[in-house]
Amino acid sequence: MLTIYSDGGSRGNPGPCAYAIVVTDDGRIIFEDSKFLGIETNNYAEYRGLIAAINKAIELGAKEAHFVMDSELVIKQMNGEYRVKSPKMAELHANAKSLASLIDKVSFTHVRRSNEFVSRADYLLNRTMDLNSGSSR
């Protein structure tokens, strides 16, 4: 089973934003990526990171995937505990749910940023924002 950690963030809300994913198999990183998204909100970046993670799991042929994020909001929305109120986020949520349905078994878990792989994703997205927005933290 793959465990895929994703993170999204923006500097300002909205502001320059990016996401990153870290794919692990048995605790080993097998893939990582990040992408600059332009000027958007933090929640937008979080969802785009999750969608990238799900797409990567599908691309890798995963039958089972565990998605881990430090965004409690997105995880609770994916698990059906919170409603999605924003029309823009509802579209991203629907996309994520639809993609996740293509994997036999999925789970979504919230963890603190102190998790080493979430920290790695956070580092990657901040590096990507630094490289693309002309500012550093």
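**The sheet and its helix**

Modeller: In this predicted model, β2 and β3 run antiparallel and are joined by 11 bridges; two strands pair if DSSP finds at least two bridges between them. Helices (H or I, at least four residues) and strands (E, at least two) are DSSP runs, numbered from the N terminus. Local features need pLDDT of at least 70 and side-chain atom pairs count only at pLDDT 80 or more, while totals for chains, interfaces and linings use all residues. Residues are numbered from 1 along each chain as its sequence is written, and side-chain values use heavy atoms, with hydrogens and water left out.

The open sheet as a whole has 5 strands in the order β3-β2-β1-β4-β5, with mixed pairing. Because β3 (28–40) and β5 (105–110) stand at the edges with a single partner strand each, one side of each is left without a neighbour in the sheet. From one strand to the next, the twist averages 20°.

Helix α1 (residues 42–59) lies across β1, β2, β3, β4 and β5, running at about 155° to β1. Such angles run from 0 to 180 degrees between N-to-C directions, with axes fitted to C-alpha atoms, for helices over the stretch in contact (heavy atoms within 4.5 Å).
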